[in-house]
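Subject: Structure handover

Hello,

Please find the structure below, with the sequence alongside. My notes on what was found in it follow.

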Amino acid sequence: MTPSSLSTSEVSDLVARIEQGDRVALARAISRVENETPGSIAILDACFPRTGRAFRIGVTGPPGAGKSTLVTRLAQEYRSRGETVAIVAVDPTSPFTGGALLGDRVRMGELAGDDGVFIRSMATRGSMGGLAVQTAQVCDVFDAAGFSRILIETVGVGQSELEVAQTADSTTVVLVPESGDAVQAMKAGLMEIGDLFVVNKADRDGADRAVFAIRSALELRSIRSEWNVPVLLTAASIGRGVSEYVERLEEHLAFLAGRGDLERRRRERLSQRLDDLVRDRLWSGFRSRVTRESRESLVVAMLERRMTPHVAADRLLESAERAASPTAPPTASPTAPPRDAET
Ligand SMILES: Nc1nc2c(ncn2[C@@H]2O[C@H](COP(=O)(O)OP(=O)(O)OP(=O)(O)O)[C@@H](O)[C@H]2O)c(=O)[nH]1
Ligand SMILES: [Mg+2]
């Protein structure tokens with residue numbers, strides 16, 4: 001079953017219902033956006049002018065660090081402070097493994113029945129600009145729906161997941177006491193992106209040592225700011241340290257907003273998102289214009305050293321251009337040897 005496209009009035013009706021807090025409409029819109037079904041761009045276009053109000057908080061860290069548990073507690077704490085909360089759990093790598101689903105089921109139970117909370121797990125990678133763009137788009141719908149805090153949970157493994165965490169206004173890296181020894185090795189990835197660090201499972205031994213290791217590693221960060229990166233202790237499963245975590249988070253958001261850094265960060269994100277979208281559109285346009293066979297024959301030509309990679313790239317781009325404008329005079333076929341050799 002493929003959902004049909006939406007008329008302009010259907011889109012504005014859907015978005016109006018989302019703004020009024022209609023959860024069914026919200027779920028429908030999110031599904032369309034996530035699955036990139038017809039009409040999803042119209043929905044996003046209608047939502048976009050209403051975005052920019054929510055604070056987006058990224059929570060990342062190694063598998064099993066307790067991110068879902070912490071995010072659930074965070075949502076509860078925010079609810080008690082009168083905020084509304086959307087949770088976006090991004091896990092395209094393992095849509096069917098127990099961990100994420102189990103974590104989500106526990107969470108669903110604890111937050112069930114509260115209209116001020118909406119939870120969404122994203123399991124697809126999408127084609128529209130990649131994972132970071134897709135996450136930002138889903139967050140845009142929540143933002144337009146009026147949620148004041150959007151929590152983005154993603155496993156901190158792999159470049160695209162790190163990029164997801166960085167679509168947020170503020171990023172928290174969650175580690176565990178046992179992470180202490182690995183912190184030095186992590187500094188290229190996770191250690192660079194955290195605005196706050198949380199050592200979760202602080203009910204276990206070694207938490208203080210981990211805090212010390214993180215602080216030492218932070219000294220070596222390449223990007224410094226006047227923000228003094230907090231390293232906090234939590235035991236999310238029993239709710240310890242969560243209130244202080246929220247205090248520090250809100251401090252960070254106020255710090256960003258007060259100095260114009262929030263706008264600077266958002267400008268960078270949008271600039272990145274624009275590039276991602278354009279790159280993706282160019283790429284898919286290009287892919288639709290060249291055949292697999294012509295591409296393969298170029299690979300073979302390179303493999304046999306009959307053609308250099310740069311000449312092959314020229315040939316492929318030329319054939320894509322020809323396909324885009326069939327009236328153009330024909331040039332060499334993609335399999336032909338380099339032009340120099342033709343004369
Ligand atoms: N001892 C202890 N266990 C915890 C704490 N927080 C979470 N856990 C447990 O750690 C396990 C993993 O928790 P999750 O919240 O699912 O971790 P996650 O980081 O979301 O895991 P993935 O999404 O699969 O990467 C669960 O069994 C939790 O009950 C804590 O503070 N202390
Ligand atoms: Mg999780």
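A word on terms before the findings: a pocket here is an open set of grid points where a 1.4 Å probe fits, with protein on both sides within 12 Å along at least five of seven lines, and its lining residues have an atom within 4 Å of a point. Helices and strands are DSSP runs numbered from the N terminus. Please keep in mind throughout that this is a predicted model.

The largest pocket

The volume of the largest pocket is about 1400 Å³. It is lined by 47 residues, and those closest to its centre are D169, D195, R265, E268 and R269. Which element gives the most to this lining? It is α12, with twelve residues. That helix covers residues 261–289, and the other elements that supply at least two residues each are α6 (131–144), α7 (159–165), α9 (190–193), α10 (207–219) and α11 (242–258). By class, the lining has 22 charged residues, 14 nonpolar and eleven polar.

Ligand 1

There are 15 residues around ligand 1, and G66, K67, S68, T69 and D203 come nearest.

- T69 places an N or O atom of its side chain 2.5 Å from an oxygen atom of ligand 1.
- K201 has a polar side-chain atom 3.0 Å from an oxygen atom of ligand 1.
- G64 uses its backbone instead, with an N or O atom 3.0 Å from an oxygen atom of ligand 1.

On its own, ligand 1 has 650 Å² of accessible area, of which the protein covers 72%. The shell as a whole has six polar, five nonpolar and four charged residues.

A threonine in a strand

T171 is part of strand β5, which runs over residues 170–175. Is T171 buried or exposed? Its relative accessibility is 2%, so T171 counts as buried, the cut-off for buried being under 20%. A polar atom of the T171 side chain lies 3.0 Å from the backbone oxygen of A165.

Most residues other than glycine have a negative phi. Two exceptions can be pointed out here, and each sits in a loop between helices.

E36 has a phi near 55°. With a relative accessibility of 23%, E36 counts as partly exposed.

R305 has a phi near 65°. It is found in the loop between α13 (292–303) and α14 (309–324). R305 is exposed, because its relative accessible area is 69% and exposed means over 50%.

One more pair

R295 belongs to helix α13. At 33% relative accessible area, R295 is partly exposed. From R295 to S319 there are 24 residues in sequence, and the C-alpha atoms of the two are 9.9 Å apart in space.

That is what I have on this model.

Regards

Definitions and conventions
Residues are numbered from 1 along each chain as its sequence is written. Chains are lettered from A and ligands numbered from 1 in the order in which they are written. This is a predicted model: local features need pLDDT of at least 70, side-chain atom pairs count only at pLDDT 80 or more; totals for chains, interfaces and linings use all residues. Side-chain values use heavy atoms; hydrogens and water are left out. A residue is near a molecule or strand if one of its heavy atoms lies within 4 Å of it. A polar contact is a pair of N or O atoms within 3.5 Å; within protein, one must be able to donate a hydrogen and the other to accept it, and residues adjacent in sequence count only if both atoms are side-chain atoms. Accessible areas come from the Shrake-Rupley method with a 1.4 Å probe; for residues, only the protein chains shown count as cover. Ala, Val, Leu, Ile, Met, Phe, Trp, Tyr, Cys and Pro count as nonpolar, Asp, Glu, Lys and Arg as charged, and the others, Gly among them, as polar. On a 1 Å grid over the protein atoms alone, a cavity is a set of points where a 1.4 Å probe fits but cannot get out, and a pocket is an open set with protein on both sides within 12 Å along at least five of seven lines; lining residues have an atom within 4 Å of a point. Grid points are joined across faces, edges and corners, and a volume is the space filled by probe spheres set on the points. Helices (H or I, at least four residues) and strands (E, at least two) are DSSP runs, numbered from the N terminus. Buried means under 20% relative accessible area, exposed over 50%, partly exposed in between (1.4 Å probe, protein chains only).
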